Amino acid sequence: MGQLEGVGRRIIASIKEQIHSGAYRPGDRLPSTRAFAVEWGASRTTVTAAYGQLIAEGYLVTRAGARPIVAEGLAAKATPTPAPTAAAVRHLSGFAQRLLGLPPPTPAQAVKVADFRYGDLAGDDFPMLAWRRALTKVSLRRKARLRYADPQGASDLRSVLQGYLWRARGINCSPDDIVIVNGSQQGLDLCARLLLDPGDAFLIENPGYMLARHAFVAAGGIAVPIPVDGEGLCVDGLPSGRLVYVTPSHQFPLGGVLSATRRRALLAWAAASGAYVIEDDYDGEYRHDIAPIPPLQTLDAQSVIYVGTFSKTLSPTLRLGYLVLPAGLAAAFSEAKRLTDRHSPLLEQEALAELLASGAYERHVRSIRRKNAERRAVLLEALSAECGPAVSIEGADTGLHVVIWINGVAADQEAGIVEAARSIGLGIHPVSPLYDPKLSKPQTAGFILGYAALDTEMVRRGISMLASVLTRRQ
């Protein structure tokens with residue numbers, strides 16, 4: 001077999017090269033297998049197999065009892081291929097061109113000491129033992145036939161997820177209202193493609209989550225940035241739009257909570273304009289001072305599309321999220337999901353269903369909430385001790401990050417601070433890129449500090465290093 005793969009492939013490559021160069025022309029007969037075997041010092045079996053492969057690929061044709069001949073249409077090109085004319089130039093779709101027009105992602109760079117990148121979790125916090133047990137249990141339930149699954153999601157997962165959402169977030173829904181997606185980002189992409197036509201306006205927080213904005217812009221939507229303050233999205237005089245994207249329980253990145261008055265005003269706007277509210281509850285499990293804020297979905301289930309994720313409690317690498325949809329939308333979202341990827345990975349869905357059903361997931365959430373509350377406390381203490389009045393802190397009451405503003409330092413100094421920090425092994429990330437690129441940005445340098453991937457000692461050391469960087473730039 002080794003000789004057939006090696007010598008046989010070289011024979012095939014040699015014959016193809018001679019055909020392309022014109023040494024063999026259409027209609028020419030090749031040597032017999034016996035003669036070719038002698039020439040190459042190979043067995044007739046190897047040569048026969050090589051000829052057979054060339055016949056299968058259409059290079060040679062043959063008939064019983066005759067030597068193979070070179071197929072028609074394989075004449076060597078005597079002149080270079082002419083450049084394509086203007087009419088022959090291939091074009092990308094409008095969708096692809098809009099994708100290429102989006103700002104490129106910031107390349108991830110490793111740092112030696114501490115990286116305050118938001119969205120990362122600590123690997124040691126993952127419930128490895130419970131997850132392994134769940135995977136083993138569902139893996140042993142092998143079905144007699146392996147087949148594609150329901151694009152809406154595994155029925156067991158949607159059923160137990162319904163119960164969890166009622167207990168944890170007060171959401172009253174049916175399993176038929178839930179669609180399992182590959183992380184919240186796929187959920188946002190489905191919303192964009194199913195709710196927006198090119199040229200439709202969408203409202204979005206400013207500053208806000210850039211990948212949500214990108215998903216809607218890629219679908220052809222026109223962004224209408226709406227400012228935020230300490231009470232979340234500013235709802236006075238909202239313009240018309242097909243949808244509005246909000247993070248009402250913990251505005252990303254500044255941390256405001258949408259007030260009760262604004263919640264009702266936003267839902268009234270949606271009902272009057274026929275728009276959908278896309279509620280991204282990306283880290284609703286983490287409320288450090290009081291109980292989690294009830295979702296908008298609990299006030300108007302027919303206007304709100306609720307986007308949830310397991311990326312902030314289990315792992316962003318797991319790629320499992322979900323949508324809770326108003327009545328009548330699940331069929332369209334399921335069909336779009338079918339065309340996109342058939343369905344999310346079934347084994348992981350069933351393992352997650354087992355975690356939820358056994359109570360292991362909620363025990364894990366309580367545990368990781370305590371750990372991140374400790375990290376948050378250490379972060380705030382270190383910022384106070386090391387930086388003092390040099391920084392102002394925003395959005396510390398909930399979630400897995402805070403925003404700090406460097407008092408007296410202009411926003412155009414952010415890049416220099418980032419580079420100085422990186423030179424000593426510290427990763428910090430500016431807030432400015434989260435603002436609409438066409439509008440004015442803050443005058444003060446600001447940074448988003450995610451802490452969920454760091455142990456408390458790394459948090460202390462990182463803030464000490466940050467303080468030293470800021471001191472040198474004053």
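1. In which loop does Arg-319 lie? Arg-319 is placed in the loop between E10 and strand E11 (321-324); helices (H or I, at least four residues) and strands (E, at least two) are DSSP runs, numbered from the N terminus. The structure is a predicted model, in which local features need pLDDT of at least 70 and side-chain atom pairs count only at pLDDT 80 or more, while totals for chains, interfaces and linings use all residues. Residues are numbered from 1 along each chain as its sequence is written, and side-chain values use heavy atoms, with hydrogens and water left out.

2. Backbone angles deserve attention. Most residues other than glycine have a negative phi, and most peptide bonds are trans. Arg-319 is not a glycine, yet has a positive phi of about 60 degrees. With a relative accessible area of 33%, Arg-319 is partly exposed; here buried means under 20% relative accessible area, exposed over 50%, and partly exposed in between (1.4 Å probe, protein chains only). Arg-342 also has a positive phi, near 70 degrees, and lies in the loop between helix H10 (330-341) and helix H11 (346-358). Arg-342 counts as partly exposed at 40% relative accessibility.

3. Two cis peptide bonds may be inspected next. One runs from Asn-206 to Pro-207, with omega near 5 degrees, and Pro-207 sits in the loop between E5 and H8. Another runs from Phe-252 to Pro-253, with omega near 10 degrees, and Pro-253 belongs to the loop between E8 and H9.

4. Helix H9 (residues 260-273) illustrates a check on helix length. The expected span of a helix is 1.5 Å times one less than its number of residues. For the 14 residues of H9 this gives 20 Å, and the end C-alpha atoms are 20 Å apart, which agrees. Just after H9, Gly-274 takes a positive phi of about 70 degrees.

5. Which residues of H9 are buried? They are Arg-262, Arg-263, Leu-266, Leu-267, Trp-269 and Ala-270. Seen down the axis of H9, these buried residues fall within an arc of 155 degrees, so they line one face of the helix; the arc is that of the directions from the helix axis to the C-beta atoms. An α-helix has 3.6 residues a turn, so residues three or four places apart point the same way. The face of H9 turned away from the buried side carries the exposed residues Ala-260, Thr-261, Arg-264, Ala-271 and Ala-272. The cover over the buried residues of H9 includes strand E5 (201-206), strand E6 (222-229) and strand E10 (304-309).

6. Salt bridges come next. A salt bridge is a side-chain nitrogen of Lys or Arg within 4 Å of a carboxyl oxygen of Asp or Glu, and by this rule the count comes to 15. Asp-229 pairs with Arg-262, the closest N and O atoms being 2.7 Å apart. This pair links distant parts of the chain, with Asp-229 in strand E6 and Arg-262 in helix H9, 33 residues apart. Asp-229 is partly exposed at 33% relative accessibility, whereas Arg-262 is buried at 14%.

7. Arg-213 and Asp-436 meet at 2.7 Å, N to O. This pair also links distant parts of the chain: Arg-213 is in helix H8 (residues 210-218), and Asp-436 is in the loop between strand E15 (429-430) and strand E16 (444-450), 223 residues apart. Both Arg-213 and Asp-436 are buried.

8. Arg-169, in helix H6 (residues 155-169), is buried at 7% relative accessibility. Its side chain makes a polar contact with the side chain of Asp-281 at 2.7 Å. A polar contact is a pair of N or O atoms within 3.5 Å; within protein, one must be able to donate a hydrogen and the other to accept it, and residues adjacent in sequence count only if both atoms are side-chain atoms. A polar atom of the Arg-169 side chain also lies 3.0 Å from the backbone oxygen of Ile-293.

9. Finally, the cysteines. The structure holds 0 disulfides, a disulfide being a pair of cysteine sulfur atoms within 2.5 Å. The sulfur of Cys-191 is 15 Å from the closest cysteine sulfur, in Cys-173, which is too far for a bond. Cys-191 is buried, at 0% relative accessibility.

How values were computed: Contact = heavy atoms within 4.5 Å.
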